[in-house]
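Trainee: I would like to understand the words used for this model. Could we go through them together?

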Amino acid sequence: MKATERRPQQRPRAGEIRLEGQPVSPGVAIGYAAVAHEPVPPPVDMARRDCNPAHERTRLHDAISRSVAQLGRLHDRLALLPEDGQVEIGSLLEVYRRMLGPSRLRRGIEGRLEHGMLAEAAVMQETEALAAHMLAPPDRPAPQGEDAVAARRRAGEFREIGRRLVRNLSGTPYRSFSALPDGAILVAEQLRPADAALIDPSRIAAVVTEEGGSTGHTAILLRALGIPAVLAAHGLLAQVRRRTRLVVDGTTGQVIIRPSSRTAAAARVDVAAYARERQMLGRLRRLPARLSSGEVLTLQANLEIPAELPMVAQSGAAGIGLLRSEFLFMNTDTLPDEARQEAIYLPLIEAMAGDPVTIRVVDWGSEKNSDALSRVVGIGNGGDVNPALGVRGIRLLLQHRALLETQFAAILRAAHAGPVRVLLPMVSGVGEVRAARDIYTRVGRRLRRKGMEIPDPLPPLGIMIETPAAALMADVLAQEAEFLAIGTNDLTMYALAADRAAADVAALYDPLHPAVLRLVRMTADAGLRQRRPVSVCGELASDPLAVPLLVGLGVRSFSMHASAVPRVKRAIRAAAMDDCRRMACRALEATDGDEVRTMLATYTHDLRHPGDG
Ligand code: PEP
Ligand code: MG
């Protein structure tokens, strides 16, 4: 554990300085710095082995009691935080509380005390050992991608609880932000989630730190609090003193130290524009997603993890159009059984209060491969040379039917709580839909025989259209599936033979390519003919420029990240159906994605500046 040392006091340079950090919470602020240094605990003698174990145990237990009481006080503050902040910090406090209980961490610390160690040293060694184990497990490969992010977060949690125990053991006080002047920009070496929870967003204009990253709890919490924030702005503390003037842009990650009067004036314009934009997007929440020509569309949210739920409620989304259930299988050593899955779906369905929840059964394989699932049931991409074309999505589930049966059963058991739809990933042929439906119906019958309360008829079973084959055969598939959800992320990859995750073909990967748009059109037409609802739930649905075009292609329902809903709604409310259709005709005739993009940009410019041309 690294104690926070003060940096040597260099003389700050005069004149405007620009630093780049990680943008973690959008918005622009201008104000004076309030530097929050943290009192540093006294150095710890790590080598001592002559302490009295009983005495150190008592000190440890006192420090644990004080930590529990502090976390309790933080918990009492929860009600003051915005809803998504409550979710984030609430679950984190629960993690800390469990660690301080009869946990592996506690057993490890107490074990070290038996060797005559000082309690502070035992805490530091044990929390660091657990953190290191998280980051580089000795018995398996180092976590990658999402797993690596989760491992870093978990390691941070161990270190944080260790720091809290050491402060309480040594009686080192915590910093408090209550004395900071109104409108101050909080500057710190680092900010921990528990610190962030103490910030009053009505008094602090922005946060900048020297360390930190965009995926940690602190970043999530700052976003939830709506405070513009830039983390990891290296070089910050060498230049900033109390009352140094700063401009912080949480959207771009830029921090301007001692802005010139011109820069400050420009920043004030940005601050006002951002405030107006937020107000306007907030007002949109309650307005319908109606085209200026009167047609009403459906905007729903994609959900990756349940913690995003409050954002869905705030966004004004009319339900969940895609719940990617992969999160259930991540960072776990055991597969979630029927009861555990039901317990996760149920509150999600209840929270949507009558708006539909579309649960996609797990879509593993290709770039989403996880060693968690492979470890547990021995499945993975099977060493395919090209995993995107191998056993993934519904193919994988039909090879491991128990997984599919469990997930179907859990969804059906939760479905009495509200409208649910079930979605199959990566379909490429009608046989897959028939086989999955057989299983679905059988699971439904079994549950009914057991006397479970499940909807009759069963909730709609739909399919992702994300392979060119599925789009080309959409009219046939629509006879087997009750709704179609176009996954433009994969559809683009397969249509253009350009890997969605590979940087060297990124220029070829273009969801606005007319080849992709023609496949969308075919799917929308098939849905219309077969009277099946069609939605788009790939990233393209989050693009306010693209959505009017998709409307013109015949799509009436969109599912996107919750944060995109207000902007997409604004674009829809400004568009008329005739214009959408005209754009669609031109896009289908375009020669490439760039031509489509230019056309969309011109259309949007004309909307904003009528009469310019
Ligand atoms: C898609 O492919 O567009 C999609 C929504 O699925 P995912 O991004 O989860 O593969
Ligand atoms: Mg997909």
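Mentor: Gladly! The C-alpha centres of domain 1 and domain 2 lie 25 Å apart, with domain bounds taken from an automatic or database domain assignment. This is a predicted model, where local features need pLDDT of at least 70, side-chain atom pairs count only at pLDDT 80 or more, and totals for chains, interfaces and linings use all residues. Residues are numbered from 1 along each chain as its sequence is written, ligands are numbered from 1 in the order in which they are written, and side-chain values use heavy atoms, leaving out hydrogens and water.

Trainee: Which residues make up domain 1 and domain 2?

Mentor: Domain 1 is 17-38 + 177-260, and domain 2 is 53-170.

Trainee: How do you know how many residues of domain 1 and domain 2 are in contact?

Mentor: Contact means heavy atoms within 4.5 Å. By that test, 15 residues of domain 1 are in contact with 17 residues of domain 2.

Trainee: Why is the pair Arg 192 and Glu 160 called a salt bridge?

Mentor: The term asks for a side-chain nitrogen of Lys or Arg within 4 Å of a carboxyl oxygen of Asp or Glu. The closest N and O atoms of Arg 192 and Glu 160 are 2.7 Å apart, so the pair qualifies. The count between domain 1 and domain 2 is 2 salt bridges.
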